[in-house]
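Subject: Handover of a structure, with notes

Dear colleague,

Please find the structure below for your records. My notes on it follow directly after.

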Amino acid sequence: MPCYRPPRIAGSEITPERFFLDRRTFLAGAAGGLALGLGMETANAAALKAAPDPYKLDETRTPEKDVTSYNNFYEFGTGKGDPAANSGAFKPSPWTVKIDGLVGKPREFGLEDLLAFPLEERTYRMRCVEAWSMVIPWVGFPLAALIDKVEPLGSARYVAFETVVRPEEMPGQSGFFQPLPWPYREGLRLDEARHPLTILAVGLYGKTLPNQNGAPIRLVVPWKYGFKGIKSIVRISLTETMPPCTWNLAAPDEYGFYANVNPAVDHPRWSQATENRIGEGGFFGSNRRDTLPFNGYAEEVASLYAGMDLRANF
Amino acid sequence: MALVPALPKRLHGPSIWAVYALGLVPAALAFYLGATGQLPGNAVKEFEHLLGLWALRFLIATLAITPIRDLFGLNWLRYRRALGLLAFYYVLMHFLAYMLLDQMLRLQAIAADIARRPFITIGMTALVLIIPLALTSNNWSIRRLGPRWNKLHRLAYVIAAAGAIHFAMAVKVVGPEQMLYLALVAALLAWRPIRKPFLRWKRLRSGGPTAPRVLSDAQRPL
């Protein structure tokens, strides 16, 4: 069984990345403005050890700089560059995730407890509802492993998630204009939550999650639109009824509870038939590709929705 | 008591050309950055959105010329054609970026977008409406059309409103930026009906050489 080892006691064959980064930060300080970017970019990343990816994906990974600089995380602002620019003051450690609701053993998990789950690398497609996509090597563990620990009751049918509210660290949560009501909420059906593809990610590209990607822990459901992948989670509740979801409440005709990637059902304001793969094609080459049903994971997940009208339950 | 010193007459011509040159800098710079892979994330969308935003800015600048003259006594009328044409160039480039770089000429998808997506329908309407204004922006057309020219060019109000609405409808959440452009366009359009009474009041108050004529206006039976 692969197990997580904290970077400070990493194996002798690997030089812990942290030290590289410290050295780089130091050099950055010495070299002044030019190297400053390097130091900032890697300020709170630590190496993570993970088992190799059990799911093969023959697609080029989106460059790390795009994955960490082109984000939707409205708690830090609505521009794509805002999360990377405005999340410097956010403190992802210490952290606790409270699990409650219809469970036999409600409890809180500290960050150390979460990182103690057997971590795996999972390279998934990520399809945003705005018709762009990436391929991201996440590091995480199946959500099912966490749910099993709290022993769900028979009456539990849904899982509700909540993002942290920290206006002092998240500029999008304070001030005159706030784009959404906080906390950001998302939800899954229990069978979706327990599906082996559904993971809680604690890292990407072999390192802990950058703040702009949802540090320290976020949901990844690769067959659903990206907004279902709630970030910086502080609470997970098992419920009997369908939980409220932020985007669904904001515009119910545009964002459904299921939000399964579906090229046949358009967003009212744009087509979902194709997508722009970020970081590919350049300015003149086409980076547009056809969107796949369930984002290419139909073989694994289509059976979850057997007999359901996917047009009505978008 | 001019707010800014008057520009010497010999610089009027060159200053208009400077507006054209400066106005095209954002597009040229963004094109260079995009073509050399220096625009972050979704380079084509960044470029497309930047062109749209500048189109809206130039539409607003065009409509601001009259209120600036009314309120501050600055006559920048000589720049209005350049600003309006820059708005046209940016609208056109915005559409070309969408059609060529973004959609890669997938005509079926473009036609479906225009027909089915209200914000694109509105944007396309603005593009169609601005073409006759660009075509009749020359002196010959102004002479030829006479008073009809003024009537035709009132379409600029519709185009600016369509542009601001198109921008607000394109985003997931209408934020302060979209509100600002909607508010600017609304204020500029609202100025038009207010303008005549305001100018009459201003003339009356200053009691300048036009005062007697205004007085005689006021003496007319209502």
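Two residues are taken to be in contact if their C-beta atoms, placed from the backbone, lie within 7 Å. On that basis, and setting aside neighbours within four places in sequence, Leu204(A) is in contact with Val67(A), Ile136(A), Pro137(A), Trp138(A), Val139(A), Leu209(A) and Asn213(A).

The model is predicted: local features need pLDDT of at least 70 and side-chain atom pairs count only at pLDDT 80 or more, while totals for chains, interfaces and linings use all residues. Residues are numbered from 1 along each chain as its sequence is written, with chains lettered from A and ligands numbered from 1 in the order in which they are written.

Chain A as a whole

Helices (H or I, at least four residues) and strands (E, at least two) are DSSP runs numbered from the N terminus; chain A has 9 helices and 12 strands. A residue is buried if 20 or more other C-beta atoms lie within 10 Å of its own, exposed if 12 or fewer, and partly exposed in between. Of the 314 residues of chain A, 44% count as buried. Among contacts in chain A with a separation of 6 or more, 69% join residues 24 or more positions apart.

An unreviewed UniProt entry annotates residues 91–247 of chain A as "domain: Oxidoreductase molybdopterin-binding". UniProt positions are given in the numbering used here, feature names are shortened, and annotations may be inferred rather than shown by experiment. This span is 11% helix and 37% strand, and its end C-alpha atoms lie 25 Å apart.

The sheet

Strands pair if DSSP finds at least two bridges between them. In chain A, 5 strands form an open sheet of mixed pairing, in the order S2-S1-S10-S5-S6. Its edge strands, S2 (107–110) and S6 (185–189), each pair on one side only. S1 (residues 96–101) and S10 (residues 233–239) of chain A run parallel over 4 bridges, and Asp100(A) stands opposite Ser237(A). S5 (residues 158–163) of chain A pairs with S10(A) in the antiparallel sense over 6 bridges, where Val159(A) faces Leu238(A). S1(A) and S2(A) are antiparallel over 4 bridges, with Ile99(A) opposite Arg107(A).

Nonpolar cores

A nonpolar core is a set of buried Ala, Val, Leu, Ile, Met, Phe, Trp, Tyr and Cys residues joined through C-beta atoms within 7 Å. The largest has 64 residues, and those touching the most other members are Trp138(A), Val139(A), Val159(A), Leu200(A), Ala201(A), Val202(A) and Leu204(A). Its largest share, 6 residues, comes from strand S4 (residues 132–142) of chain A. Apart from it lies another core of 40 residues, among them Tyr79(B), Val91(B), Tyr98(B) and Phe167(B).

A helix pair in chain B

Axes are lines fitted to C-alpha atoms, for helices over the stretch in contact, and angles run from 0 to 180 degrees between N-to-C directions. H1 (residues 12–35) and H2 (residues 43–72) of chain B pack at about 175°, with their axes 10 Å apart. H1(B) is therefore roughly antiparallel to H2(B), the term for angles over 145 degrees. Residues making the contact include Gly23(B) and Phe31(B) of H1(B) and Leu50(B) and Trp54(B) of H2(B).

Trp247(A)

Trp247(A) lies in helix H8 (residues 246–250) of chain A. Trp247(A) is buried, because 23 other C-beta atoms lie within 10 Å. Not counting residues up to four places away in sequence, Trp247(A) touches Phe227(A) and Tyr255(A).

With kind regards

Methods:
Parallel < 35°, antiparallel > 145°, perpendicular 65-115°, else oblique.
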